[in-house]
Amino acid sequence: MKKFFITACAIALSLTGTHLAQAASHSHTVQTGDTLYQLGQDYSVSTEAIKQLNNKQSASISEGETLQIPAAVSSEERELLARLVHAEAQGEPYAGKVAVATVVLNRVDHPDFPNSIKEVINEIGPSGHYAFSPVQNGMIDQVADQDAKDAVQEAIAYQGNSQGSIYFYNPEIATNHWIGTQTETIRIGKHVFAK
């Protein structure tokens, strides 16, 4: 049941783009039991990017089939994203951690934001405000726990599957009221996600 809920929440948050993994880096011969989701987890790429690169309309794969695997999200960017998720979503349910990671990935794919995980996380707006408070207050320097790391892997694998949240906030502590005018996509724990 937990896996179904997590999957549903992740799908409800993802964007249709696959900017993070465009170039093919190598191939994979499908083995018994392989799924696109599992390959996404194993190679740190989105299932949508694998489908796109291999001109697949569905998630169906066959034993012995050779798939091109897009370039992976680097271990450095995964670690940075996991530290952000850990700082932003401590005490939140696992699905909320996946959702926070998804927001960053969606921003990478969105034309109004920088084109890398590192640039999105470290972005400072024209008004001088940091996009994510843990960067400003140093909380991003804390070591990420396993839940945060797992949430990042899940968000990467599901990237490109749905609604496209590019913001999140806690309405109990938010000071920027503009965020409340954005289209809400889902609520998880204390966070509201929006686009």
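1. Overall layout. Read along the sequence, the pattern is α-β-α-α-β-α-α-α-α-α-β-β-β. That gives eight helices and five strands.

2. Basis of the note. This is a predicted model, in which local features need pLDDT of at least 70, side-chain atom pairs count only at pLDDT 80 or more, and totals for chains, interfaces and linings use all residues. Residues are numbered from 1 along each chain as its sequence is written, and side-chain values use heavy atoms, with hydrogens and water left out.

3. Burial and contacts. Of the 195 residues in the protein, 50% are buried. Buried means under 20% relative accessible area, exposed means over 50%, and partly exposed lies in between (1.4 Å probe, protein chains only). Take contacts between residues at least 6 apart in sequence: 72% of them join residues at least 24 apart. A contact here is a pair of heavy atoms within 4.5 Å.

4. Three strands form an open sheet in the order 3-5-4, with antiparallel pairing. Strand 3 and strand 4 (184–188) are the edges, each pairing on one side only. From one strand to the next, the twist averages 20°. Helix 5 (residues 94–109) packs on this sheet and touches strand 3, strand 4 and strand 5. The direction of helix 5 makes about 30° with that of strand 5. Axes are lines fitted to C-alpha atoms, for helices over the stretch in contact; angles run from 0 to 180 degrees between N-to-C directions.

5. Pairing in detail. Two strands count as paired if DSSP finds at least two bridges between them. Strand 4 and strand 5 (residues 191–194) run antiparallel and are joined by four bridges. Arg187 has Val192 as its bridge partner in strand 5. Glu184 has Ala194. Strand 3 pairs with strand 5 over three bridges, also in the antiparallel sense. There, Tyr169 stands opposite Val192.

6. The hairpin turn. Strand 4 and strand 5 form a hairpin with two residues between them. Gly189 sits in the turn, with a positive phi of about 60°.

7. Strand 5, both faces. In a regular strand the side chains alternate between the two faces of the sheet. Which residues of strand 5 are buried on each side? His191 and Phe193 are buried on one side, Val192 and Ala194 on the other.

8. Most residues other than glycine have a negative phi. Ser44 has a positive one, near 55°. Asn55 has another, near 50°. Ser44 lies in the loop between helix 2 (36–43) and helix 3 (47–53). Asn55 lies in the loop between helix 3 and strand 2 (66–70). Are these residues buried or exposed? Ser44 counts as buried because its relative accessibility is 5%. Asn55 counts as exposed because its relative accessibility is 68%.

9. Val45. This residue is also found in the loop between helix 2 and helix 3. Val45 has a relative accessible area of 1%, so it is buried. Its C-alpha atom is separated by 9.4 Å from that of Ala155, 110 residues apart along the chain.

10. The largest pocket. Its volume is about 1,200 Å³. A pocket is defined on a 1 Å grid over the protein atoms alone: an open set of points where a 1.4 Å probe fits, with protein on both sides within 12 Å along at least five of seven lines. Grid points are joined across faces, edges and corners, and the volume is the space filled by probe spheres set on them.

11. The pocket lining. The largest pocket is lined by 34 residues, each with an atom within 4 Å of a point. Tyr130, Ala131, Phe132, Ser133 and Phe168 lie nearest the centre. Helix 4 (75–88), helix 7 (133–137) and strand 3 (167–169) each supply at least two lining residues. Helix 7 gives the largest share, four residues. The lining divides into 16 nonpolar, 13 polar and five charged residues. Nonpolar covers Ala, Val, Leu, Ile, Met, Phe, Trp, Tyr, Cys and Pro; charged covers Asp, Glu, Lys and Arg; the others, Gly among them, are polar.
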